[in-house]
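Please look through the model below before reading on.

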Amino acid sequence: MILSDILNDLHITNQHQGTSTGLSWLQGGKETLSSFSPVDGKLIGSINTTTDDEYNKVVESSLHAFATWRNWPAAKRGDIVRQIGNTLRSKKSSLGQLVSYEMGKSLQEGLGEVQEMIDICDFATGLSRQLYGMTTQSERPGHRMYEQWHPLGVVGIITAFNFPVAVWSWNAMIALVCGNVCIWKPSEKTPLTAIACQEIIKDVLTENNIPEGVISLVNGDKHIGELMANDSRIALVSATGSTQMGKSVGVAVASRFGKSLLELGGNNAIIITEDADLNIALNAAVFGAVGTAGQRCTTTRRLIIHESIYEQFKAQLAHAYGQIKIGNPLDQENHMGPLIDKAAVAQYQHTIKAITEQGGTFIIEGGVLEGLAFESGCYVKPCIAEVQSSIEIAKKETFAPILYLMKYNTLEEAVSIQNSVPQGLSSSIMTLNLRKAEYFLSTNGSDCGIANVNIGTSGAEIGGAFGGEKETGGGRESGSDSWKAYMRRQSVTINYSNTLPLAQGINFKL
Ligand code: NAD
């Protein structure tokens, strides 16, 4: 990978600031945000962050743009999103590499993330012709009732570092076809991939005369996110990140009666029954725990294994961990890259210490890797600890490749362990037994937003509604009818009779 070629292809230059038709990002502030790659510790680039004044201008410009954009027919908006998807296709390789280099995930996962953006563009394009309302029967004669959906206005999108581009597109592409305008506040840890996205779509917006302010970017740390959460001009704040962030955003948005869509932390488990296909279970567990260096919201953090196969599976797992190659994620020989930064490494070390203090035993030891290949200081060993399901540390999400093994006897017990954490994002069961699978999926089963059978917890297709319960925040993004979160519902009743009958038969005469 030659970084300068990639940045050139993505049009990221020293002058990446300013506004253009349809799109604006302002970075005239004096504060600088530097992006260092966790891959080799090198500075990729620095940008000026958005000031409070500039933030206000962006919101005003967005409000202005909304007045026009909402009147574009939905199918025409969908055509813009279709063109964005095509442009992303042409830049998949460069953007995928930059995602991998700035965030540290493997190249395959970086490319997969851009593919997810393309997929959601296709989905949103089709959706633009399917924003259906329902009709119902009125109880009054000569009356017609139906529901229609209107856009909300300005949608604020706050995203996390681990999916630096895909989560924006999940939100933005759906919000756009619904007639909203979007302001994106990306993670301060991955600002350049966000700028690359704006550059990629710029020509589409200019060529189609999209009003300035339909798609905007504001850069900065959590202060900008807090401005958005407290800003009553922003109708919906869709926030992806830690539960701690979600608590703050959720309260701020609710206190002004705004809408929020929260996608927060997970603590995902795979239940491995005695009648599982253990090859599938092994692959799913290893990819789920080690992929993206354990920095996915859907990362597998807990394996709940039937006692009769526990020792056998533990040995297979230990053997598989021995094969994992750690190193530069752009080298396709490697399975696992670095953590995002040294603060994440410190958190990983803190959790390892807590596991031992709380009685856990490591069957695969962790540790920070040293040497020339690991000079960023962000590479760690994936580790596995045997623990009691009740220990406190296993109920927390540590964004690192730490896997807990737990033993169970009955399926009811396994499900109870699986549900005993505060988070409720992704879950799975490995079984070839229909009764066990259906129990897991029944109302007595998994309490998570995502429940898989013979698939790991990690990753999802864009066609389903994505999100989780409890401390994961309850939001749903992406496929299915998630679009309804980006619109307001209006119940319409039309009286075409020549009288005014009241509902519930109420009699009122003058
Ligand atoms: P983070 O919470 O530190 O930051 C996420 C974003 O929120 C950043 O843009 C940050 O600047 C902003 N932010 C932080 N505090 C804020 C506040 N008080 N008000 C407004 N904005 C604020 O998270 P992170 O470390 O970037 O990402 C990792 C977390 O994200 C993990 O917990 C992971 O599980 C979660 N995540 C969840 C999903 C999901 O769909 N459920 C997807 C990806 C990541």
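The points below go through the basis of the model, its domains, its sheets and some side-chain pairs.

1. Basis. This is a predicted model, in which local features need pLDDT of at least 70 and side-chain atom pairs count only at pLDDT 80 or more, while totals for chains, interfaces and linings use all residues. Residues are numbered from 1 along each chain as its sequence is written, and side-chain values use heavy atoms, with hydrogens and water left out.

2. Domains. The protein chain is assigned domain 1 (3–264 + 473–490) and domain 2 (268–461); such bounds come from an automatic or database domain assignment. Between the C-alpha centres of domain 1 and domain 2 there are 31 Å. To the contact (heavy atoms within 4.5 Å), domain 1 gives 22 residues and domain 2 gives 22 residues.

3. Area between the domains. About 1800 Å² is buried between domain 1 and domain 2, and carbon and sulfur atoms give 59% of this area. Buried area here is the accessible area (1.4 Å probe) that two parts lose on being put together, summed over both. Of the area that domain 1 buries against domain 2, 28% is supplied by P38, V39 and E109, more than by any other three residues.

4. Polar pairs between the domains. The rule finds two salt bridges across the interface of domain 1 and domain 2; a salt bridge is a side-chain nitrogen of Lys or Arg within 4 Å of a carboxyl oxygen of Asp or Glu. Seven residue pairs are in polar contact across this interface of domain 1 and domain 2, both residues being at pLDDT 80 or more. A polar contact is a pair of N or O atoms within 3.5 Å; within protein, one must be able to donate a hydrogen and the other to accept it, and residues adjacent in sequence count only if both atoms are side-chain atoms. On the side of domain 1 that touches domain 2, the elements giving two or more residues are α4 (92–103) and α5 (107–127). Helices (H or I, at least four residues) and strands (E, at least two) are DSSP runs, numbered from the N terminus.

5. The sheet of seven strands. An open sheet with mixed pairing has its seven strands in the order β14-β15-β16-β13-β12-β18-β19. Two strands pair if DSSP finds at least two bridges between them. Because β14 (361–364) and β19 (450–453) stand at the edges with a single partner strand each, one side of each has no neighbour in the sheet. Four bridges join β15 (residues 383–386) and β16 (residues 402–408) in the parallel sense, and A385 has Y404 in β16 as its bridge partner.

6. The sheet of three strands. A second open sheet has the order β5-β6-β23 and antiparallel pairing. Here β5 (135–136) and β23 (487–495) stand at the edges, each with a single partner strand, so one side of each is left without a neighbour in the sheet. Strand β6 (residues 143–151) runs antiparallel to β23, with nine bridges between them. The bridge partner of Y146 in β23 is V492.

7. Salt bridges. The structure has 21 salt bridges. In one of them, the side chains of K189 and D341 meet at 3.9 Å, N to O. The side chains of D79 and R82 also meet in a salt bridge, at 2.8 Å, N to O. D79 and R82 are separated by about one helical turn because they are three residues apart in helix α3 (residues 74–90).

8. A loop residue. Where is N419 placed? N419 is in the loop between α13 (411–418) and β17 (423–424). The N419 side chain reaches the backbone oxygen of G445 at 3.0 Å.
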